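These are my notebook entries on a structure that is new to me. I record below what I looked up, entry by entry.

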Amino acid sequence: MQIKNKPATVTPSTRQPSSVQSNSTVRQPGTTTSHPMSSRYASGFETAPKQPNRLVQESAFRAMVEVLPPETDAQGRPTDADLDWALNAAFSNKHIVGRNPSAEEKNAWMAVARQLREKGKSADDIRQTLIGQMNDAKGRAQDPNRVLPLPTRADGRPTNDDLEWALKEAFTNKHIVGRDPSAEEKNAWMEVANQLREKGKSADDIRQTLVGLMNDANNRTKDPNKVLPLPTRADGRPTDEDLEWALREAFTNKHVVGRPPSSNEFSRWMEVARKLREKGKSADDIRQTLIGQMSQAKDRAEGR
């Protein structure tokens, strides 16, 4: 007997056509899903929640911070809080003292800061001035744990002891003269240091200025045992002889032109040197400036 297959009967389902009954998570377009075992059960560790980007956090913090003008007292001068900030910022600078001041140091430097405030300086001006004075004091302190302001004259200018220190520091520098000055040399350079003091320079400013002047004199002296200040004009600026020296030193340098200048070259570069003198430059400053300008001029002349 032949048995005929009955047509399959489809039973209506209660499931929605778009749904899938399974243990897997339905993935929405544009998203990815991880395997269920990629959790802490798979690795043995709980996954830490993702932290916000540090730069994003810092940017948000900066955006929230109010940036306001510094407060002042009734006279428009920095407050004691400003002075405290200037003092700590200068003292703790890693290039100056590099640590917090002791109570004794803080009291001593606050007195200096208040004097600077009375002269009308702003908080940042005071900070910069303290940096120079603290650097000077640290260099001369016998106890590195006791960096106190150096004594000054009644007018606030460096003492003669300060000038002697500046002179000796500059003269004995191994890159300058590299020995102790003779009595004649010391007297001559003390006159220069006195003139710099009268111009309002600090002890460290005087030291730095003497370094340049002594280096200039040492390069041009005929007797290495007699390094004396070079003569200057009545206004303290280099003489024409100084300018000629600077010009020839620069022009004949083998890394610059490497030969003596012609008469036309000499005249043209002397004009440049005189303009530099009028800007207050020393003979050695003029020499160094001419080196740079002559090197550029040579490159242009050679079509480089």
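**Entry 1: Leu 230**

I looked up Leu 230 and found a relative accessible area of 26%, so this residue is partly exposed, as that class lies between the 20% and 50% cut-offs. I note that the model is a predicted one. Leu 230 sits in the loop between helix H8 (203-220) and helix H9 (240-251). Leaving aside residues up to four places away in sequence, I found Leu 230 touching Asp 216, Ala 217 and Arg 220. For Asp 216, which is 14 residues from Leu 230 along the chain, I noted a C-alpha separation of 8.1 Å.

**Entry 2: Nonpolar cores**

I then turned to the largest nonpolar core, which has 19 residues. The members that touch the most others are Leu 167, Phe 171, Trp 189, Ile 206, Leu 210 and Met 214. Helix H6 (160-171), helix H7 (183-198) and H8 each give two or more residues to this core, and H6 gives the most, with 6 residues. A second, separate core has 17 residues, among them Phe 91 and Met 134.

**Entry 3: H9 against H10**

Last, I examined how H9 packs with helix H10 (residues 263-278): the angle is about 120° and the axes are 10 Å apart. The two helices, H9 and H10, are therefore oblique to each other. The crossing of H9 past H10 is right-handed. On the H9 side I listed Leu 243, Leu 247 and Phe 251 among the contact residues, and on the H10 side Phe 266, Trp 269 and Met 270 are included. The residues of this contact divide into 7 nonpolar, no polar and 6 charged.

Terms used
Residues numbered from 1 in each chain as written. Predicted model: local features only at pLDDT ≥ 70, side-chain atom pairs only at ≥ 80, totals over all residues. Heavy atoms only, no water. Helix = DSSP H or I, 4+ residues; strand = E, 2+ residues; numbered from the N terminus. Buried < 20%, exposed > 50% of the residue type's maximum accessible area, 1.4 Å probe, protein only. Contact = heavy atoms within 4.5 Å. Core = buried A, V, L, I, M, F, W, Y, C linked by side-chain atoms within 4.5 Å. Axes fitted to C-alpha atoms, helices over the stretch in contact; angles between N-to-C directions. Parallel < 35°, antiparallel > 145°, perpendicular 65-115°, else oblique. Left-handed = near helix turned anticlockwise from the far one by under 90°. Nonpolar A, V, L, I, M, F, W, Y, C, P; charged D, E, K, R; others polar.
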